[in-house]
Protein chains: 2
Amino acid sequence: MRREPHAERIDGLTRLFGIVGNPVTQVKTPQLMNALFDAGGVNAVCLPFDIPVNVFEPTVAGLQALDNLDGLVVTVPHKVRAMSMVDAMSDAARRVGALNVMRRQPDGTWFGDLFDGTGLVQGLTRLGFDVRGRRVKQLGAGGAGAAVAHALAEAGAAGIALSDPRRELAEELSARLKRFYPDCAAQVDVDPASVAGVDLLVNCSPVGMKPGDGMPASFGALPAALQVVDIIMTPAETPLLKHARQCGCRATNGRPMIEGQLAAFANFFGIDMPATFSCFSDARV
Amino acid sequence: MRREPHAERIDGLTRLFGIVGNPVTQVKTPQLMNALFDAGGVNAVCLPFDIPVNVFEPTVAGLQALDNLDGLVVTVPHKVRAMSMVDAMSDAARRVGALNVMRRQPDGTWFGDLFDGTGLVQGLTRLGFDVRGRRVKQLGAGGAGAAVAHALAEAGAAGIALSDPRRELAEELSARLKRFYPDCAAQVDVDPASVAGVDLLVNCSPVGMKPGDGMPASFGALPAALQVVDIIMTPAETPLLKHARQCGCRATNGRPMIEGQLAAFANFFGIDMPATFSCFSDARV
C-alpha cells in the first residue's frame with residue numbers, strides 16, 4: 001500500500017534521523033532512508049545536517065539532545081572525531097578508528113558502529129562472492145580503505161595486499177590488520193598493478209572519479225576469474241571497471257556496498273526493511 | 001504544477017527549518033510550512049525539534065551551527081528563553097518579552113521576531129475587521145495574551161480591557177501596554193463578563209479547551225455587533241464561540257490567527273507564498 005508522502009505526514013510525532021557531514025550537498029542517505037521509511041510506513045525522516053568542522057562536537061551534542069532524534073549517520077570529514085561523541089562503540093569502529101553511525105540506546109547513552117566495510121562484504125555476498133579464504137588486492141589505504149580492509153579481514157579473507165601511493169598509510173593499515181586478524185596475511189604490495197594469485201581486486205582509491213582519470217594502476221590483462229570492485233559510485237563505470245569487463249571479469253561499482261550498508265543501517269536503527277525493497281530505483285538516487 | 005513529494009526530494013541541497021518546543025507532538029507548523037514549501041516548489045523542509053528545558057540553550061546553539069538550517073519557529077515553553085539565542089530582535093519581541101521565530105541573517109547573526117499577536121491582527125483584517133480605533137476586551141494575560149494585546153495596541157486599538165484570574169498578570173500587562181502605547185487605553189477589568197462598549201472580544205485564556213469547560217466568563221446575551229475571537233483551535237467551536245454565534249455575533253476560532261501567522265512566517269523566512277495557497281485543506285491540519 002502506498003503511504004502518504006513525507007511532506008504531508010511530517011508532524012509532531014515524526015522521529016528524526018540525520019546524516020552529518022561537511023559539505024552534505026552530495027549525500028544520498030536521506031533519499032535512501034526516506035524511501036525505506038516510506039516503504040515500511042515508518043513515521044520518521046532523515047535529513048542532511050551540514051556541520052562545519054570547527055563546531056563539530058557541540059553541534060552533534062545539540063542534535064543528540066533532541067528528544068525526538070534517534071540516530072545519526074556520519075560521513076566525511078567527521079568519521080574519526082565522531083568517536084568522541086558516543087559512550088560505546090563496536091569492535092569494528094574501535095579497530096578502524098572511525099564510525100559512520102550512532103544511535104541512542106534505550107538507557108539514553110549513544111552507541112557507534114561502522115558499516116563502510118561490512119556493507120561491501122554483504123554486498124559481495126549478495127552477488128554470490130564469499131570473501132572467506134580469498135586473496136585480496138586492495139588499492140587505497142585511506143579512511144574508506146581502512147574500513148574495507150578490516151571488514152574483509154573480519155570476514156575471513158586469507159590475505160590482503162595493500163597498495164597506496166602514500167606508503168606510510170599502507171604500512172600502518174597492514175600493521176593494524178596483522179594485530180587484529182593474525183589469520184589474515186596482510187602485507188604492503190609495492191607493485192600496485194600485480195594481480196598474480198589474487199581472487200578479489202578492490203579499488204578504494206579516488207582514482208577514477210575525476211574526468212580524465214585513468215585506472216588506479218597500470219593493469220595489463222586481468223584473469224577472467226578475478227572479481228573486481230571499484231567502490232566509486234560516480235561515474236558508474238570507471239576506467240578500471242571498463243577494463244575489467246573487457247577482460248571478462250565480474251566487476252561492480254559501489255552499488256552493492258551501498259545496498260549492503262543500507263541494510264546494515266536499517267538493522268542498526270531497528271527499521272523494518274521490506275524484503276522487496278530496493279534502494280536503486282532511478283527515481284531515488 | 002504538482003511537485004515531487006518531500007520523501008523523494010529531501011536531498012543534500014534541502015534547506016532545514018524547525019519548530020522547537022517541549023513536547024512537540026501537538027505541533028502543526030511542520031505540516032503547514034511543508035505544504036507551503038510544496039506549493040512553492042521550495043527545496044526545504046520543516047521538522048519538529050523536541051528540546052528538553054534543561055538543555056535548551058546548548059541545543060539551540062547546536063541547531064544554529066548547522067550550515068543548512070535557516071530558521072526556527074519557537075513554541076512553548078521556550079519563547080522567553082529564546083530571546084537569549086538571538087543577536088537582535090524586533091520591537092514586538094522585545095516589548096512582549098518573547099519571540100516565536102528566529103532566522104539566520106546574511107551576516108550570520110540571528111534575528112528574532114514574534115508573530116503570535118500580529119497573526120491575529122492580520123487574520124482579523126482578512127476577515128474584514130480593522131482593529132484601528134476599536135475597543136477590545138481580552139480574557140487572559142499570559143504568554144499568548146501578552147502577544148495578542150501588544151499586537152492589538154500596535155495596530156491602533158483605542159482601548160484594551162484585560163481580565164485574568166491571575167490579577168497580577170493583567171496588572172503587569174496593562175502597565176506595559178500603557179508604557180509602549182500611550183494612545184491605547186489599557187486597563188484591568190474586574191468584571192470579566194462585562195462587554196459594554198466593546199467592539200472586539202478576544203479569549204486568550206485556556207478555558208474552553210478541555211472537555212467539560214464552559215465559557216471563560218459568565219456572559220449574558222452578547223450584542224450582535226460584537227466581533228468574537230477565541231484563539232483556541234481544538235475544539236473548533238468552544239462554548240464561547242457557540243454562545244456568540246447564537247447571539248448573532250461574528251465569531252471565529254484561532255484559524256485566522258494561524259493563517260495570519262503562516263503568512264508572517266513566510267515573509268520572515270523569505271518564502272514565496274502563492275496567492276492561492278490555503279493552509280487549511282483538511283488533509284493538512
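Modeller: Contact here means heavy atoms within 4.5 Å, and with that in hand we can read this structure, which is a predicted model.

Biologist: Which residues of helix 5 of chain A meet helix 6 of chain A?

Modeller: From helix 5 of chain A come Asp116(A), Gly117(A), Thr118(A), Leu120(A) and Val121(A), and they meet Ala147(A), Val148(A), Ala151(A) and Leu152(A) of helix 6 of chain A. Sorted by class, this contact has six nonpolar, two polar and one charged residues.

Biologist: How are the axes of helix 5 and helix 6 of chain A placed?

Modeller: Two packed helices are described by the angle between their axes and by the distance between those axes. In this case helix 5 (residues 116–126) of chain A and helix 6 (residues 143–154) of chain A have axes that come within 7 Å and cross at roughly 55°, which makes helix 5 of chain A oblique to helix 6 of chain A. The crossing of helix 5 of chain A past helix 6 of chain A is right-handed.

Biologist: What area do chain A and chain B bury between them?

Modeller: The size of an interface is often given as the accessible area lost when the parts come together. Chain A and chain B bury about 2,900 Å² between them, with 62% of it on carbon and sulfur atoms, and the contact takes 37 residues from chain A and 37 residues from chain B.

Definitions and conventions
Residues numbered from 1 in each chain as written. Chains lettered and ligands numbered in written order. Predicted model: local features only at pLDDT ≥ 70, side-chain atom pairs only at ≥ 80, totals over all residues. Heavy atoms only, no water. Axes fitted to C-alpha atoms, helices over the stretch in contact; angles between N-to-C directions. Helix = DSSP H or I, 4+ residues; strand = E, 2+ residues; numbered from the N terminus. Parallel < 35°, antiparallel > 145°, perpendicular 65-115°, else oblique. Left-handed = near helix turned anticlockwise from the far one by under 90°. Nonpolar A, V, L, I, M, F, W, Y, C, P; charged D, E, K, R; others polar. Buried area = accessible area lost by both parts, 1.4 Å probe.
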